[in-house]
Amino acid sequence: MELSHIEHLGIAVKSLETAIPYYEEILGLKCYAIEEVKDQKVKTAFFKIGQTKIELLESTDPEGTISKFIEKKGEGIHHIAFSVKDGVQNALCELEGKGIKLIDKAPRKGAEGLDIAFLHPKSTIGVLTELCENPNEK
Ligand code: ZN
C-alpha cells in the first residue's frame, strides 16, 4: 500500500451555515462544493488548500454518525483521509491481512465520486481513518 497525500480532513460541525463563513471570511478559503451524501446521512462542504481538502460534515439525521460524534466529543476533527495509489480494495486486503479492523470491507462511493473506505479507530490509535482514491485519476 502506498499513500500519496492527505486527501482531506473531515471536520464535524453542527451547522454548515455557521461554519462556512469562518472558513471563507476568516481563513480566506473558498467553498467550492456543497454535496449531500445520503448514504452517510451528511451534508458536506468542501474547501481546498494545496492538494488537500477540508470536508465539513453536518449531520442530516439525529441518529447519524456525525450527530453521535458531536454529542460525545463536540465539534472538531472527525477523520483523516489518505489518498492511496493502486486501489482502495488492494489497500483494504493488505491492511486486513495485517490485523487492522475495517469498517468497510469493500470500497463505497463517497462525496465527489471517490472510492472510499474507513478503518476502525480501535486499530488506528484513535484516529478514524479513511482511504480514498479518485477513480478518474487512475
Ligand atoms: Zn471523508
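Strand S5 (76-85), strand S7 (115-119) and strand S8 (129-133) are among the elements that cover the buried residues of helix H3. Contact here means heavy atoms within 4.5 Å. The model is predicted: local features need pLDDT of at least 70, side-chain atom pairs count only at pLDDT 80 or more, and totals for chains, interfaces and linings use all residues. Residues are numbered from 1 along each chain as its sequence is written, and side-chain values use heavy atoms, with hydrogens and water left out.

- Helix H3 spans residues 88-97, and its buried residues are Val88, Ala91, Leu92 and Leu95. They sit on the same side of H3, because they cover an arc of only 100° around the axis. The arc is taken from the directions from the helix axis to the C-beta atoms.
- Buried means under 20% relative accessible area, exposed over 50%, and partly exposed in between (1.4 Å probe, protein chains only).
- Helices (H or I, at least four residues) and strands (E, at least two) are DSSP runs, numbered from the N terminus.
- Gly99 follows H3 and has a positive phi, near 85°. Gly99 belongs to the loop between H3 and strand S6 (108-109).
- Gly99 is exposed, at a relative accessible area of 56%. Its C-alpha atom is separated by 29 Å from that of Ile70, 29 residues apart along the chain.

**Zinc site**

- His8 (NE2), Glu55 (OE), His79 (NE2) and Glu130 (OE) coordinate the zinc ion at 2.1 to 2.4 Å. Donors are N, O and S atoms within 2.8 Å of the metal (3.2 Å for Na, K and Ca); water is not among the atoms, so sites may look incomplete.
- The donor residues follow the spacing H-x46-E-x23-H-x50-E in sequence. His8 in strand S1 (residues 2-13) and Glu130 in strand S8 link distant parts of the chain, 122 residues apart.
- The zinc site is irregular, with angles of 84 to 174° among its four donor atoms.
- His8 counts as buried at 3% relative accessibility. Glu130 also counts as buried, at 3% relative accessibility.

**Lining of the largest cavity**

- The largest cavity is lined by 16 residues; His8, Gln40, Glu55, Ala111 and Glu130 lie nearest its centre.
- Strand S3 (42-49), strand S4 (52-59) and S7 each supply at least two lining residues. S3 gives the largest share, three residues.
- A cavity is a set of points on a 1 Å grid over the protein atoms alone where a 1.4 Å probe fits but cannot get out; lining residues have an atom within 4 Å of a point.

Terms used. Tetrahedral: all angles 85-135°; square planar, octahedral: opposite > 155°, others 65-115°. 1 Å grid on protein atoms, 1.4 Å probe; cavity = no way out; pocket = protein on both sides within 12 Å on 5 of 7 lines; lining within 4 Å.
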